[in-house]
Amino acid sequence: MPVTQTIKISASETYSVLIGRDILKDAGRLTSEVISPRSAVLVSDDTVFYIYGEAVKKSFSGCGFDIFTFIFPHGEGSKDISMLSRLLEFCAESKLTRSDFIIALGGGVTGDLAGFAASVYQRGIKYIQIPTTFLAAIDSSVGGKTAVNLKSGKNLAGAFKQPSLVICDCGAFDTLPPEVFADGSAEAIKYGVLADAGLFSTFSRGSIQPAALPGIVAKCVSIKGSIVTNDEYDTGNRQLLNLGHTIGHAVEKCSGYSVPHGHAVAI
């Protein structure tokens, strides 16, 4: 199935969020329409790469990209300065230049880590987001916030860095455990509370069918895109998107990150 919806985000860099099902296999072709074939570091955790990594690599290699792979242990514990340093060293060892780019394949931890690396490697290179979780698709992959955690708290070191493209295959959500899918649901409900009573009602009626997910993702991304366009650097209305996050981040930190992000926001 081709891309079914395209949402344009206009910030310091204008880019598209491509939404559909079964489009991971076309990631290389879709990217080549924005970034011509060159070298890239594919960043993914050990869980996501096992499921999707080789297929995504094949898609890019088949379109003429030269792909290097950085795989890290899954979980919030990997989103720290030491892992960021390892990723930056890997980019240098792979001889990435300022003309090359980074691919984030996975959830929010992967996107934050890869995006932050892209913001500082050789003073900034391009990166694209390929979210594989419901949460990352509607939240962290869009808007340009990247960060790692410090010992004192969550997301305390980071940068604003907009991606050049977001490829969202809602079919990837089919492999999520229920508790991980629920993380994304909490963020989607947040968007309903903030800006869309119809979206809120969708969740209040019960379970969400897979066929409805591309439309829900598109609604959430459109809401976030509108807010980011008017306040990219989080000095005004973008702070609305932090609904549930101040206490939520505290819950995550105090639990030693045993409570995942979406559940903490829901609390």
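For this tour, contact means heavy atoms within 4.5 Å. This is a predicted model, where local features need pLDDT of at least 70, side-chain atom pairs count only at pLDDT 80 or more, and totals for chains, interfaces and linings use all residues. Residues are numbered from 1 along each chain as its sequence is written, and side-chain values use heavy atoms, with hydrogens and water left out.

Select Thr-133 to begin. Leaving aside residues up to four places away in sequence, Thr-133 touches Gly-106, Gly-107, Phe-173, Leu-176 and Val-180. Thr-133 sits in the loop between strand E6 (126-131) and helix H5 (134-140); helices (H or I, at least four residues) and strands (E, at least two) are DSSP runs, numbered from the N terminus. Its relative accessibility is 14%, so Thr-133 counts as buried (under 20% relative accessible area; exposed is over 50%, partly exposed in between; 1.4 Å probe, protein chains only).

Next, pick Gln-122, in the loop between helix H4 (108-120) and E6. Most residues other than glycine have a negative phi, yet Gln-122 has a positive phi of about 45°. At 33% relative accessibility, Gln-122 is partly exposed.

Finally, show helix H3 (residues 81-93) with H4. Which residues make the contact between H3 and H4? Met-83, Leu-84, Leu-87 and Leu-88 of H3 meet Leu-113, Ala-114, Phe-116, Ala-117 and Val-120 of H4.
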